[in-house]
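Please read the points below with the sequence and the structure open side by side. They go through the strands, then the side chains, one topic at a time.

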Amino acid sequence: MICMAVSKSGNGWTVEVNNGVMIWEFLGGMELSAFRDEAYEAYEELLDSHTIDAMVTHVQMDDPFDSETFEVWEQSAQKAESAGITRWAVVADGITAISLRGKIDTGDLDTLTTEDRTEAVEWAEAA
């Protein structure tokens with residue numbers, strides 16, 4: 001069976017689902033409202049309509065660290081786990097990666113934090 005790729009985009013974000021892997025791009029300058037409202041709505045729709053085993057989140061946002069944003073990150077992890085996702089890779093530069101790794105409760109998800117998008121996608125596809 002051929003799995004067609006699906007993609008969506010909004011104000012400062014894009015997502016695609018291909019072969020059971022959901023790949024997010026959160027771009028510099030993205031506002032929390034777009035993250036919380038637009039992107040999370042698309043996230044829930046995709047989880048409901050596709051079989052997804054793993055997720056990659058490429059974080060390029062200027063400030064992904066405030067408390068409201070972390071609540072959305074953790075809510076995303078909980079939703080991922082309940083939807084059957086087993087792996088979540090986060091791609092971010094240096095201090096962003098360290099901060100995300102240390103602050104987000106990802107439950108029982110197998111996680112990888114890296115600066116290399118290719119590594120993250122290959123790891124997620126191995127789920």
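This is a predicted model: local features need pLDDT of at least 70, side-chain atom pairs count only at pLDDT 80 or more; totals for chains, interfaces and linings use all residues.

1. Trp24 has Thr57 as its bridge partner in S4, and S3 and S4 pair in the parallel sense over six bridges, where two strands count as paired if DSSP finds at least two bridges between them. The chain crosses from S3 through H1 to S4, and this β-α-β crossover is right-handed; the term means that, with the strands pointing away from the viewer, the path from the first strand over the helix to the second runs clockwise.

2. Residues are numbered from 1 along each chain as its sequence is written, and side-chain values use heavy atoms, with hydrogens and water left out.

3. How many of the six residues of strand S3 (residues 21-26) are buried? Six of the six are, so strand S3 is largely enclosed by the rest of the structure; buried here means under 20% relative accessible area, exposed means over 50%, and partly exposed lies in between (1.4 Å probe, protein chains only). Val21, Ile23 and Glu25 point one way from S3, whereas Met22, Trp24 and Phe26 point the other way, and all are buried.

4. Strand S4 is likewise mostly covered, with six of its six residues buried. Ala54, Val56 and His58 point to one side of S4, while Met55, Thr57 and Val59 point the other way. On to the next strand: S4 pairs with strand S5 (residues 87-91) in the parallel sense over five bridges, and Val56 stands opposite Ala89 in S5.

5. Strand S2 (residues 13-18) pairs with S3 in the antiparallel sense over six bridges, with Glu16 opposite Ile23 in S3 and Trp13 opposite Phe26 in S3. Two residues lie between the strands in the hairpin of S2 and S3, where Asn19 takes a positive phi near 50°.

6. His58, found in strand S4 (residues 54-59), is buried, with a relative accessible area of 16%. Glu25 stands opposite His58 in S4, and a polar contact of 2.9 Å joins the side chains of these two residues; a polar contact is a pair of N or O atoms within 3.5 Å, of which, within protein, one must be able to donate a hydrogen and the other to accept it, and residues adjacent in sequence count only if both atoms are side-chain atoms. Leaving aside neighbours within four places in sequence, His58 is in contact (heavy atoms within 4.5 Å) with Trp24, Glu25, Phe26, Val91 and Arg117.

7. The structure holds five aromatic pairs. The rings of Tyr40 and Tyr43 have their centres 5.4 Å apart and their planes at 55°, so this pair is tilted; rings of Phe, Tyr and Trp (its six-membered ring) pair if their centres lie within 6.5 Å, and planes under 30 degrees apart count as stacked, over 60 as edge-to-face and the rest as tilted. Tyr40 and Tyr43 are three residues apart in helix H1 (residues 32-49) and are therefore separated by about one helical turn. Tyr40 counts as buried at 9% relative accessibility, and Tyr43 counts as buried at 2%. Trp13, Trp24, Phe26, Phe35, Tyr40 and Tyr43 form one aromatic cluster.

8. Also in helix H1 is Glu45, which is partly exposed, with a relative accessible area of 37%. The side chain of Glu45 makes a polar contact of 3.2 Å with the side chain of Lys8.

Key
Helices (H or I, at least four residues) and strands (E, at least two) are DSSP runs, numbered from the N terminus.
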